[in-house]
Amino acid sequence: AHAAPASPAAKRAPARPVVQQVAPARNPVLQPPQRKREKKIRPIFSVLGFPNPEGLPTSRRTRVGIGGTTIVVTTDSSVVRWSKTERGQNVIDEIELPAGRADIHKVFIDHTGHHVIVSMADGENYYVHNSARKLYFLRNLSNEVINAVLWDSVDGTPNFTKNILVGTLSGRIYETALERSTKNKSFKFIKRAELNSGIVTLQAEQRNIPKPGQARRLCVFVTTE
């Protein structure tokens, strides 16, 4: 007997399972959260109140001068000096005005904060160093109201101002040098403004770049009333 021919389905080979290759899972990269840019308006400067501890006069403030880390405020009866130490501690000194002197014209302080000139409306002038608590009378410049001071911001030191210029309401310009240990402060007359106009400001600009051993040359500008 002859066998029946196999059907087409029977001739097919068994199907092999299809294996899909799956790529290995990668650790997801965590992106930092997107922070919104906040526009913060920062003030250019901040306002601090002048310290007035108990015991200091509460009379009206009249003049103010700032130099280095020192602020000088004058009142009707004294000069109040506020400075900071290297550790940031406040040091406040009250320097009494001489008896019968209560009309301060102006106060001048250098860039180091150690030299202060106080001019009175009656023509008397005083000097005080940051290490002292008493005004020194500048007797060699009496009957002159100091209205402008040109400090030496390059060579001046906390102990020595070097040569400086002072201008008065009478239109005269004097040269002097103030030192912590010097008692006799001399003033040299330099020039008088035309028409005897009072000196308002003194400003200097350097004209050269000095070489070793060469002196600086300055051009001084004077503003009068």
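Ile44 is exposed in this predicted model, with a relative accessible area of 85% (buried means under 20%, exposed over 50% and partly exposed in between, with a 1.4 Å probe and protein chains only). The residue lies in the loop between α1 (8–11) and β1 (63–67), where helices (H or I, at least four residues) and strands (E, at least two) are DSSP runs numbered from the N terminus. Together with Phe45 and Val47, Ile44 makes a nonpolar surface patch of about 450 Å²; patch residues have over 30% relative accessible area and no salt bridge, and nonpolar side chains are joined within 5 Å.

The model is a prediction in which local features need pLDDT of at least 70 and side-chain atom pairs count only at pLDDT 80 or more, whereas totals for chains, interfaces and linings use all residues. Residues are numbered from 1 along each chain as its sequence is written, and side-chain values use heavy atoms, with hydrogens and water left out.

A positive phi near 60° occurs at Asn143, a residue other than glycine, which is placed in the loop between β8 (136–137) and β9 (146–150) and is exposed, with a relative accessible area of 67%. Phi of Lys162 is likewise positive and near 60°, but Lys162 is found in strand β10 (residues 160–168) and is partly exposed, at a relative accessible area of 31%.

The structure holds one cavity of 30 Å³ or more (a set of points on a 1 Å grid where a 1.4 Å probe fits but cannot get out, lining residues having an atom within 4 Å of a point). The lining of the largest cavity consists of Asp110, His111, Trp151, Asp152, Gly156, Thr157 and Thr161.

Terms used. On a 1 Å grid over the protein atoms alone, a cavity is a set of points where a 1.4 Å probe fits but cannot get out, and a pocket is an open set with protein on both sides within 12 Å along at least five of seven lines; lining residues have an atom within 4 Å of a point. Grid points are joined across faces, edges and corners, and a volume is the space filled by probe spheres set on the points. Patches are made of residues with over 30% relative accessible area and no salt bridge: like charges are joined within 9 Å, nonpolar side chains (Val, Leu, Ile, Met, Phe, Trp, Tyr) within 5 Å. Accessible areas come from the Shrake-Rupley method with a 1.4 Å probe; for residues, only the protein chains shown count as cover. A salt bridge is a side-chain nitrogen of Lys or Arg within 4 Å of a carboxyl oxygen of Asp or Glu.
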